[in-house]
Amino acid sequence: MDHGDHPFRVLFLCTGNSARSVFSEYFLRKLGGERFEAYSAGANRSGVVNPYTLKVLGERFGIDASDARSRSWQEFEKVEFDFVITVCDNAR
């Protein structure tokens with residue numbers, strides 16, 4: 001797949017953007033390196049990231065997600081993504 005001169009842009013979409021989509025975003029940021037730009041959002045965002053998500057990412061995987069926040073997919077309406085991945089049925 002040819003994606004031009006930019007990294008693959010990936011959006012992980014879930015209902016609340018409080019746990020699963022945040023995990024996915026930060027795992028891809030760590031594992032994908034410069035090949036990917038990872039983002040996450042919610043179809044009906046909760047407004048907060050689950051504190052256990054941040055704790056597990058930090059303590060178990062050594063990933064600093066202190067800048068994570070619950071976002072609406074509407075923040076990304078004008079962004080062209082290479083992949084949009086839903087991590088729950090409700091966000092489909």
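These legends go with a set of close-up views of one predicted model.

Residues are numbered from 1 along each chain as its sequence is written. Since this is a predicted model, local features need pLDDT of at least 70 and side-chain atom pairs count only at pLDDT 80 or more, while totals for chains, interfaces and linings use all residues, and side-chain values use heavy atoms, with hydrogens and water left out.

**View 1. The whole chain, from end to end.**
Start with the parts list: two helices and three strands, running β-α-β-α-β from the N terminus on. Helices (H or I, at least four residues) and strands (E, at least two) are DSSP runs, numbered from the N terminus. The C-alpha trace spans about 35 × 30 × 20 Å along its principal axes. How does the radius of gyration compare with that of a compact globule? A compact globule of 92 residues would come out near 12 Å, and the chain has 13 Å, which agrees. That radius is taken over C-alpha atoms, and the globule rule is 2.2 Å times the number of residues to the power 0.38. Of the 92 residues, 36% are buried; buried means under 20% relative accessible area, exposed over 50%, and partly exposed in between (1.4 Å probe, protein chains only). Among contacts (heavy atoms within 4.5 Å) with a separation of 6 or more, 80% are between residues 24 or more positions apart.

**View 2. The nonpolar cores.**
Which residues make up the largest nonpolar core? Val22, Tyr26, Val49, Leu57, Ile63, Ala65 and Ala68 do, seven residues in all. A nonpolar core here is a set of buried Ala, Val, Leu, Ile, Met, Phe, Trp, Tyr and Cys residues joined through side-chain atoms within 4.5 Å. Zoom in on Ala68 and, leaving aside neighbours within four places in sequence, you'll find contacts with Val22, Tyr26, Val49 and Leu54. There is also a second, separate core of five residues, including Leu11, Leu13, Ala41 and Phe76. As a bit of background, nonpolar side chains tend to be buried together in soluble globular proteins.

Helix 1 takes in residues 20–32. Its 13 residues should span 18 Å at 1.5 Å a residue, and the end C-alpha atoms sit 17 Å apart, which agrees; the expected span is 1.5 Å times one less than the number of residues. The buried residues of the helix are Ser21, Val22, Ser24, Glu25, Tyr26, Leu28 and Gly32. They pack against strand 1 (8–14), strand 2 (36–42) and helix 2 (51–61). Just after helix 1, look for Gly33, with a positive phi of about 55°.

**View 3. Aromatic rings.**
The structure holds seven aromatic pairs. Rings of Phe, Tyr and Trp (its six-membered ring) pair if their centres lie within 6.5 Å, and planes under 30 degrees apart count as stacked, over 60 as edge-to-face and the rest as tilted. Take Phe76 and Phe81: their ring centres are 5.9 Å apart and their planes are at 70°, so the pair is edge-to-face. Phe76 counts as buried at 11% relative accessibility, and Phe81 counts as buried at 18%. Elsewhere, ring pairs link Phe8, Phe36 and Phe83 into a cluster.

**View 4. The loop between strand 1 and helix 1.**
Gly16 and Asn17 both belong to this loop. Is Asn17 buried or exposed? Asn17 is buried, with a relative accessible area of 0%, and has a positive phi near 50° although the residue is not glycine. Gly16 is buried too, at 15%.

Arg69 is found in the loop between helix 2 and strand 3 (83–86) and counts as partly exposed, at 45% relative accessibility. Setting aside residues up to four places away in sequence, Arg69 touches Asn17, Val49 and Glu75. Gly47 is 22 residues from Arg69 in sequence and 7.5 Å from Arg69 in space, C-alpha to C-alpha. Thr53 lies in helix 2 and counts as buried at 3% relative accessibility. With residues up to four places away in sequence again left out, Thr53 touches Ser18, Ala19, Val22 and Phe23. Thr53 and Ser18 are 35 residues apart in sequence, with 7.8 Å between their C-alpha atoms.
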